[in-house]
Amino acid sequence: MIFKEYYRPLVAYSCTIVADSDEAEDIVQHTFVNFWEQRDQMEVHTSARSLLYKAVHNACLNRLKHKKVRKAYQQEQEYVLRQEQQDDQLHAKELEAQIETVIDRLPEQCARIFRMSRFEQLKYQEIAGQLGLSVKTVENQIGKALRILREELSAYLPLLVLFLIRGLL
């Protein structure tokens, strides 16, 4: 009887506070469930109406406070994510520059073959055909380039692995 009498007015009241009808209904339903579960321990010294309105009012304020905290947390997480992305981009640029520096220091033919293989994505056979070399020579030059890169960039290996996993390079 109390539910039927006060449900709609309480939802309307809750909606004026939280400005969302679905959320207002949820708050009122939850309030009625709480009252039902605590009916044996509850002593009503005022009217049921005032008790219900006060409970709905407090529940609405708690919901708003909770939303505010969640929004602040979400904004903080978005800020942290943006900072991490900016840091990752900066590190990726530094790593790319370091890789380019090491490639530039390779012997001329070795660097040329490596660039054709890795940046132009040519097959060893195609590189050998274009440069008039044997496929074995191309394989040896790529192996040499990779060995030098591995040695020169060993300090950057953890960062390189991280970027490869994240797909930044």
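**Salt bridges.** I started with Glu 152 and Arg 105, whose side chains meet in a salt bridge at 2.7 Å, N to O (a side-chain nitrogen of Lys or Arg within 4 Å of a carboxyl oxygen of Asp or Glu). The pair links distant parts of the chain, 47 residues apart: Glu 152 sits in helix α6 (residues 135-152) and Arg 105 in helix α3. Helices here are DSSP runs of H or I, at least four residues, numbered from the N terminus. Glu 152 is partly exposed at 39% relative accessibility, and Arg 105 is exposed at 52% (buried is under 20% relative accessible area, exposed over 50%, partly exposed in between; 1.4 Å probe, protein chains only).

**Ground rules.** I'm reading a predicted model, where local features need pLDDT of at least 70 and side-chain atom pairs count only at pLDDT 80 or more, while totals for chains, interfaces and linings use all residues. Residues are numbered from 1 along each chain as its sequence is written, and side-chain values use heavy atoms, with hydrogens and water left out.

**More pairs.** I count seven salt bridges in the structure. One of them joins Lys 67 to Glu 23, with the closest N and O atoms 2.9 Å apart. That pair spans 44 residues, from Lys 67 in α3 to Glu 23 in α2. Glu 23 is buried at 9%, whereas Lys 67 is partly exposed at 38%.

**Thr 31.** I found Thr 31 in helix α2 (residues 21-37), buried at 5% relative accessible area. What does Thr 31 touch, leaving out residues up to four places away in sequence? I get Ala 55, Val 56 and Ala 59, with contact meaning heavy atoms within 4.5 Å.

Terms used: Helices (H or I, at least four residues) and strands (E, at least two) are DSSP runs, numbered from the N terminus.
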